[in-house]
Amino acid sequence: MKLLTLFCVLALASCSSPQPAAPTVSPEVAAWQQRADGVTIVRDDWGVPHIYAKTDADVVFGLMYAQAEDDFNRVETNFINSQGRLAEAEGEGAIYRDLRMKLFIDPVQLKADYAKAEPWLKALMDGWADGLNFYLAAHPEVKPRVITKFEPWMALSFSEGSIGGDIEQVNLGQLEAFYGTEVKPTSTARFDSTDFNAPPAEPTGSNGFAIAGANTASGKAQLLINPHTSFFFREEAQMVSEEGLNAYGALTWGQFFIYQGFNDKAGWMHTTSSVDNIDDYLETVTKKADGSYTYRVGTEERPLVASKITVPYKSANGVANKEFTVYKTHRGPIVRSVDGKWVSIRMMQEPLKALNQSYSRTKARNLAEYKKVMDLHTNSSNNTLYADADGNIAFFHSNFIPKRNPKFDWTKPVDGTDPATEWDGLLSFDESPNSVNPKNGWVYNTNNFPYSAAGANSPKQKDYPAYVDSGTENPRGVHAIRVLDGKKGFTLDSLIGAAYDSYMPEFDIQIPLLLKAHAAAPASNPLKAKVADQIAILKNWDYRWSAASVETSVAVFYGEDLWQRVSPAARKANIDTYDYMKLKATPQERLESLAAAADKLTADFGKWQTPWGDINRFQRNDGAIVQKFDDAKPSTPVMFGSARWGSLASFGARAYSGTKKWYGTSGNSFVAVIEFGDQVKAKAVTAGGLNSVPGSKHFGDQAERYATGNLRDVYFYRDQLKGHTEREYKPGQK
């Protein structure tokens, strides 16, 4: 049966009465319909949209329509948030989150940036807005929460795909303390958002590996893409045009570029960087007789720029407004105060360049082209793992690093009155700790520092200023080196095996200390006998997770309890909690935590000998952004554990109100392995499924594959879709 477009009228050949008049279509909708006629969306048997069109801009049009089909709520929510309009949907609890965004995101400036954009980039933004608006026109039953019409400039408000962008480094509590009451230069309010009495937070970020042909069975370079985000944060899609675009991978809802993925010749994977590229300045502020303020730089008193920001918010009586007077220096906005000093913050703010870079890298097909795109220097919060069909592999450290005077400690606020604290341009590619084609044949990053990216062939920390990176090694980094170093003959399947290697190196540190504590405990200690059975099974454990592993359950519950037990002391001593657990926790504390873990397991699951898969579960009940979990509803056992203990495959899970089982909300989200050569070969899996509508075939069809690391084949070439096509259609067709 021929598919009907949104505005077709059925011909009634047998009807003798006059035909009803065709519905009136606005010129705008008619133009969208004409554009849709040049776009083809192919949904494969996993629901992945493959978008084909003549131009890049038309592909973007089709992509945005397809994204909206799969999860318009997340598309809209990301851009509600990026424009500082969340309170319009969610009420006054989001006012300060919106204020934070509005300090940096100015629609007037973004409209000006759009107006001066190069024609090709402006066309992409036009296609972005047209695709979303056409979806709304074609689906009048969909009621946006805030954005009833998308405008092209809005694409600039969210120009890179990280789950937590640079702006989110501003502490909301401190921002509210400063702007929530009358501003006073002598305010000394202090806030710390870290709760040291809570279980250790799941480490955010990602894993990325790139393997040179010398270490693969085929002699071709390979890439692992393994972002760790909150679940359902990204769509999986392919974008193909006749203008050289052919990109596949994961893209953040609402954006029109593949954020982590590959084209026919090259691939890129972003990991959250530990780069130090955001700086706080202690400003010396003086209030003048007329009520205005100045701040001092050297011997100069400069006017502190004051402006009004209005934050609309939903209230019981409709839309209300809260107005703020905010302040800004030449470095950036004032965001808090410390010991009588106002604090301004400086970060990368180049939305037009950032959007250019985010899109352009998807069309870079070799190392030289990718490095040329990096000359824009706006990939601020991410490292990159890279591989291509020419056999190149690389680790690129964050390519936005301000040059600064190394005599200052840039991990702390610096004195804004001292002109020596000004930025002096950006570090070049050659001045940054990158690693290109190291002789060991692999590079990786797990959100750790860059100084182990290529093992013994890594950049040397001593060769770079301290401000370049504020990170350290982490347990996943230790694990990654273990699965990569000295290994040859990688295939896509063995690369998957490395990505899901079950070893948890942090327990290789913590459990021997526990065994030692038990062995040294006197017989008179009642805990010696109480935990003897748990000690017995841990003695022979290989520190590897599995769904059937009781040892994993005991170790994880033990680790969680010990964290909570010692974290107040660690905070008081200003020592990292992991280091405190290793160096300072007493033998008695270790035994008490093991006893508490066994008691908790017994209370929650009936026996302490509970396999890990009975506890650790994946569940998707509805399309809400914040899921509600229920032990009585179906769920899927997940074999892998938390990144906090060094598991490369990450599943950030915990119990929730009313549950005993642990449910994951973050960690492995999109996972892909790719081999480059004359043709691309790839496998992938997306958490749960591609569509967020309960009841959809693709709402949960990847849950079991996700939970077991059983990646599916990617259909990259059009002929691979033969026999794997669920639907082929044009935007607007029913």
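This is a predicted model: local features need pLDDT of at least 70, side-chain atom pairs count only at pLDDT 80 or more; totals for chains, interfaces and linings use all residues.
In an open sheet of 10 strands, the order runs β20-β18-β17-β8-β7-β6-β5-β2-β1-β29, and the pairing is mixed. The edges of this sheet are formed by β20 (435-436) and β29 (725-729), each of which pairs on one side only.

- Strand β9 (residues 279-283) is mostly covered, with four of its five residues buried.
- Five bridges connect β9 with strand β16 (residues 341-346) in an antiparallel arrangement, in which Leu-282 stands opposite Val-343 of β16.
- β9 also pairs with strand β19 (residues 414-415), here in the parallel sense and over two bridges, with Tyr-281 opposite Val-414 of β19.

- Strand β11 (residues 293-297) is joined to β12 by four bridges, and the two strands run antiparallel; Arg-296 has Glu-301 of β12 as its bridge partner, while Val-297 has Glu-300 of β12.
- The hairpin of β11 and β12 has two residues between the strands, and in this hairpin Gly-298 takes a positive phi near 65°.

**Helix α4 and its crossing with α7**

- Helix α4 is largely enclosed by the rest of the structure, because eight of its 10 residues are buried; these buried residues are Ile-95, Tyr-96, Asp-98, Leu-99, Arg-100, Met-101, Leu-103 and Phe-104.
- The axes of α4 (residues 95-104) and helix α7 (residues 172-179) come within 10 Å and cross at roughly 85°, and the two helices are therefore roughly perpendicular to each other.
- On the α4 side the contact is made by Tyr-96, Arg-97, Leu-99, Arg-100 and Leu-103, and on the α7 side by Leu-172, Leu-175, Glu-176 and Tyr-179.
- By class, the residues of this contact between α4 and α7 divide into six nonpolar, no polar and three charged.

**Helix α8 and its crossing with α6**

- The axes of helix α6 (residues 119-138) and helix α8 (residues 351-360) come within 11 Å and cross at roughly 85°, which makes α6 roughly perpendicular to α8.
- Trp-120, Leu-121, Leu-124 and Met-125 of α6 make the contact with Leu-352, Leu-355, Asn-356, Tyr-359 and Ser-360 of α8, and the contact comprises seven nonpolar, two polar and no charged residues.
- α8 is mostly covered, since eight of its 10 residues are buried, namely Leu-352, Ala-354, Leu-355, Asn-356, Gln-357, Ser-358, Tyr-359 and Ser-360.

**Nonpolar cores**

- The largest nonpolar core has 98 residues, and those with the most contacts inside it are Leu-99, Met-125, Trp-128, Phe-150, Tyr-179 and Phe-256.
- Helix α2 (residues 56-82) provides the largest share of this core, with 13 residues.
- Among the residues with the most contacts inside the core, Leu-99 and Tyr-179 also take part in the contact of α4 with α7, and Met-125 takes part in the contact of α6 with α8.
- When neighbours within four places in sequence are left aside, Phe-150 is in contact with Phe-72, Trp-128, Ala-129, Leu-132, Asn-133 and Leu-136.

Definitions and conventions: Residues are numbered from 1 along each chain as its sequence is written. Side-chain values use heavy atoms; hydrogens and water are left out. Axes are lines fitted to C-alpha atoms, for helices over the stretch in contact, and angles run from 0 to 180 degrees between N-to-C directions. Angles under 35 degrees count as roughly parallel, over 145 as roughly antiparallel, 65 to 115 as roughly perpendicular and the rest as oblique. Contact means heavy atoms within 4.5 Å. Ala, Val, Leu, Ile, Met, Phe, Trp, Tyr, Cys and Pro count as nonpolar, Asp, Glu, Lys and Arg as charged, and the others, Gly among them, as polar. Two strands pair if DSSP finds at least two bridges between them. Buried means under 20% relative accessible area, exposed over 50%, partly exposed in between (1.4 Å probe, protein chains only). A nonpolar core is a set of buried Ala, Val, Leu, Ile, Met, Phe, Trp, Tyr and Cys residues joined through side-chain atoms within 4.5 Å.
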